[in-house]
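Colleague: I'd like to learn how to read the aromatic rings in a model. Could you walk me through one?

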Amino acid sequence: MFRIKMINRIADIGLQEMKDGSFEFVENDPDCEGILVRSADMHSQDFSSQLLAVARAGAGVNNIPIDTLTEKGVVVFNTPGANANGVKELAIAALILSCRKIVEGAQWAQGLSGDVPELVEKGKGQFVGPEILGKKLGVVGLGAIGVILANAAVALGMEVVGYDPGISVEAAWGLSSQVKRARTLEGLVAESDFISIHVPVLPQTKNFFNAKLFSVAKRGLRLINLSRGGLVVEKDLLDAIASGVVERYVCDFPEAGLIGKDKILLIPHLGASTLEAEDNCAVMACRQLASYLKTGSILNSVNFPACELDLSHSDFRITIMNRNVPGMIGKITAVLAESSVNIKEMINKNKGDVAYNIIDAESEISDADIAKIQAIDGVIRVRKIKA
C-alpha cells in the first residue's frame, strides 16, 4: 500500500481516484511514497528516500524544489490545462475591468447617500472607459490557457496576435486561424492595446517584462498578468505607469510594493479559484500520481519525460531513471542479459539531462540484478513494479 501525504486540502472528487485500496492517506508520515500539494511552499522541507512522486494540483510549480527532487529520482507532476477555463474567464474579466472602472464605480456607489439616482447621474462620468471590441490583444504564451483566451477574444471581436516560439503542435491545432503570429515579443508589445501574459516563471522568463519592453510599448497599454508576479519588474512597471506608457495593470499576484498604487488592480490569486477548476486539478493530479505509483507510467511531469507502457500484458516490470548520457541502455540491458532475462517490451524517453526507461521482462528480475543496475554510474533510481 502506498502512503500519500496531503500538504493542502485536495478536492474529494480527486481523492476518489485513489480509493481502490492501494493507497493510504497520512498526515505526518516522513516516509510517504507520494505527496499531494497545491500552493504550499516545499522548498524548506526534507524528503525521505522513500518518496517517489509529488503531484501539484495546479499548473505552476515554483513552490516545489524541482532540482532537488530530480536528483533524488522523485517525479513532479502538475496539471496543465485543468484550470485553464477558470483562468481564461478571469482574464476576460480582467480585460474589461482594465477599461471600464467597474471596481472603482462599485466602491463609489456603496458610499452614496441622499438623492442616490441624482448623484449617480451626476457622478457616473468619472468612470467612463473604452470597450474591448476592435482593440488589439497580444497573448504572450500559447499554452492551454493562452490558446483558449486568444480564441475567446477573437469571438468577442478583438484583433488577437500571439507570441510563443515554443508552441506545441497540439496547441497550434487548437488555435483560431484568426489569431495572427508575432515573430518577436517586441513586435507584439509595440502593436498591442492589451497584453495578457501566460508563461511560467523560468530563468529565461523571470523579470522579462522590464524597462526594455516597456520602452517599445504602445502608449496606453493595459497589461494583464495572471501567471506569476516574478515575470514583471515592479520598479519598471511603476515607472511605465508614471510616464503614461501603461494605463492599467491587473495582476493576480499582489505584492506589497503594488498595494494602493494608482492604475493597479490587484486580485487575490483567484485565477484557478473556481469549484470546477479545483475539482479538475484534483482529479488530474490524483490520477497521474496513482498511475505512476502503480504502473510506473509518467504523464505531465515537469522534470521527467512522458513515458507510458500498458502494464496489463506484463507481470515483471522495472523502471529506471538515469542521466541522459550515451551508453546507458547498453549497460542496463547487459545486466539483464547476464542473468538470461529476456526483455518483452521496453521504452526509453529523455528530457533534458535525465532519461526514463520502462522495461517489461518475460521473467522476474532479481533484487541482485536491480542492485547491479542501481550501481551503474549515472543511474538515479530503479524501481520494481508489482503487477
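Colleague: How many aromatic pairs does the structure hold?

Modeller: Please keep in mind that this is a predicted model. The structure holds 5 aromatic pairs.

Colleague: What describes a pair of aromatic rings?

Modeller: The distance of the centres and the angle of the planes describe such a pair. Take F208 and F209: their ring centres are 5.7 Å apart, with 80 degrees between the planes, and the pair is edge-to-face.

Colleague: Is F208 buried or exposed? And F209, buried or exposed?

Modeller: The cut-off for buried is under 20% relative accessible area. F208 has 16%, so F208 is buried. F209 has a relative accessibility of 0% and therefore counts as buried too.

Colleague: Which residues do ring pairs link into a cluster?

Modeller: F208, F209 and F214 are linked that way.

Colleague: Which residue lies over the face of Y292?

Modeller: That is R383, at 5.0 Å from the ring centre.

Colleague: Now the wider picture. How many helices and strands does the protein have?

Modeller: There are 13 helices and 16 strands. The C-alpha atoms fill a box of roughly 90 × 45 × 35 Å along the principal axes.

Colleague: And what percentage of the residues count as buried?

Modeller: Of the protein's 387 residues, 47% count as buried. The accessible surface comes to about 18700 Å², and carbon and sulfur atoms hold 52% of that surface.

Key:
Residues numbered from 1 in each chain as written. Predicted model: local features only at pLDDT ≥ 70, side-chain atom pairs only at ≥ 80, totals over all residues. Heavy atoms only, no water. Phe/Tyr/Trp six-rings, centres within 6.5 Å; stacked < 30°, edge-to-face > 60°. Buried < 20%, exposed > 50% of the residue type's maximum accessible area, 1.4 Å probe, protein only. Lys NZ or Arg CZ within 6 Å of the ring centre and 35° of its normal. Helix = DSSP H or I, 4+ residues; strand = E, 2+ residues; numbered from the N terminus. Areas by Shrake-Rupley, 256 points an atom, 1.4 Å probe, with all protein chains shown as cover.
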